[in-house]
Amino acid sequence: GPAQPGTACNDNDPLTGNDTWSANCVCAGQLIDCLGVPGGTATVGSACNDNNAATGNDVYGANCVCAGQLIDCQGTPGGTALPGTACNDNNPNTSGDTWSANCVCAGVLPNDCEGTPGGPAQPGTACNDNDPLTGNDTWSANCVCAGTPIGCTQPVTLVLHTDVNGGQTTWEVLPQGGGLPVCSGGPYGALNNPAFVSELCCLSEGCYVLRVLDSAGDGMTTGGYVLQNSTGARIIDNANDGVFGSVSQISGGQGFCLPIGSDRLINTSCDKIYWVTGDYITASVNPAVSAQWLVGNQTDDGYEFWFFDPDGTYSFRRFRDHATSDGYAPANATRACHAKLNNWAAANQLPVNVLLNVRVRTRVNGVSNQWGPACRFKLNPVLAQCPPTMLVNEPGIPEYSCGVTRRFGSNDKVYCWSRPGANRYQFEFTLSGEVFLKTVTATTSYINLNWVANPLLDGNTYTVRARISKNAGVSWCTWGDPCLLTIDNTPLQGGDQRDLSVDAAGEELHMWPNPNNGDQLFLALDVIEPSTDLVTVDVFDIYGKRVIAKMLPAPDGHLNTVLDLDAELAGGVYILHLAVGDRNWTERLVIQR
């Protein structure tokens, strides 16, 4: 018959096709695959494409349905990083991080500045301080809504220390040359006990006159005042010298101009109050002036020193050019930095025992720069016979000792400024809030911190004063200004500098005083790129929360400024981080109240 091997038949199996008789007369067909093709490759468990971009590893299932595994939020088919599961958004300020429906890993911020959990009122975001005279209001790091005074490009702060009659004290800032006051304040009748008052005056670029007034005509007696710019640089310093009549102001209608310049005295000439006639006061070297040495007109390049009494009794300006020696040698590009005191006409001689201010500005090719910050100055020949000293307070030199951290019981040292003729130096250590006094006498201007009786204890911050003797300790000169010294006996780690942070290029960040009372922190960075105008400073608490964020000026690549700390910072340990481009410095900051 026709049912021969190889001819068609019907095996009555709906899952097969192309049924034929086999050589041994068995009717059998090829399995139909998931695409309906007899003997096809689209079999159960084989790869397929379910045309769903959200899945991967697609295969035919037992019922020939092509399906894949869901791709999770990290791109893994069948992975566990699914919406609603835990993740890490790498933000230390959030918690409860989870994947969202669109695969964004995000956590919940703590209460915002208005108390709403995870709310939008976060530091740095816009707010409204309800002050019509400010703009660009934002929440600060400690959730204070504050704005910038409108039109206030050069704000200044007047810090007044009232006497027992605060109701007699007023002040005003006027345009230099005349006009109505642009700022004023007082009287302070509620402050009939000595108190500090800080007043903001919103100014723009220009020149002004400050007048501090006393209605009783007897000044502020035990008080005084300091005018400073937004970085804390002093413009007029009349602190603790409020003895005047009805008005305290610079004589001759002279005042101050904004912005102030960067020229200044060197550290050892600033705030010195025991000068004598014939001493040399010294300005910091300005490369632009030095570059004019032996170039062109030598009389129109140099440094101008302005000595003035904030109370108006004296004002005199002395210009030092390249052409004049002023008795100083050698003749070189920096000779003009040195001005010989009272080496000018008798009518303009510096008064004795009058507290003055000194400011410096440079002149290049006859064009003067702005006056730099003020320093205190006093001609006092009696005090100069037995002058005060203090711990070395000039950052960047090896002997720097004011506001530093040291180990006790080691070879660590503290240095004070040496004084001519001194043959004994005495260092006094006290501890705030405790009955502790340790006095160490030496024949050198430094001591090793390793004595036995009354040792300095690990973790304490001591107040240190120094003084000198010129007769082997029979009598002593007056104590100088105090400094803080912190003892930290933690074993040194590799590269640990204790007092300063060093970046990869080896450049050092200095900050003092540290520990700090939460008021002002002085910052100095030896050398950074000359093109740098601003540096970023952030302060974090021990939980990683940023509590201060500031941009500080760094004119000509030099940072030497004051960081105003938040008065509400609690006592404790903080981390200060300073960044310039891709370079970073980190230092521990201790607030002690």
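## A pair across two strands

Phe429 stands opposite Val464, a residue of strand S31. The strand S31 (residues 461-469) is joined by seven bridges to strand S28 (residues 424-430), and the two run antiparallel. Strands are DSSP runs of E with at least two residues, helices are runs of H or I with at least four, and both are numbered from the N terminus. Two strands pair if DSSP finds at least two bridges between them.

## Basis of the model

The model is predicted: local features need pLDDT of at least 70, side-chain atom pairs count only at pLDDT 80 or more, and totals for chains, interfaces and linings use all residues. Residues are numbered from 1 along each chain as its sequence is written, and side-chain values use heavy atoms, leaving out hydrogens and water.

## The open sheet

An open sheet with mixed pairing is formed by five strands, in the order S26-S32-S31-S28-S29. Strands S26 (404-406) and S29 (437-442) stand at the edges with a single partner strand each, so one side of each has no neighbour in the sheet.

## The whole chain

The protein chain has two helices and 40 strands. Its radius of gyration, taken over C-alpha atoms, is 38 Å, well over the 25 Å that the globule rule (2.2 Å times the number of residues to the power 0.38) gives for 593 residues, so the chain is more spread out than a compact globule. Along the principal axes, the C-alpha atoms fill a box of roughly 150 × 65 × 60 Å.
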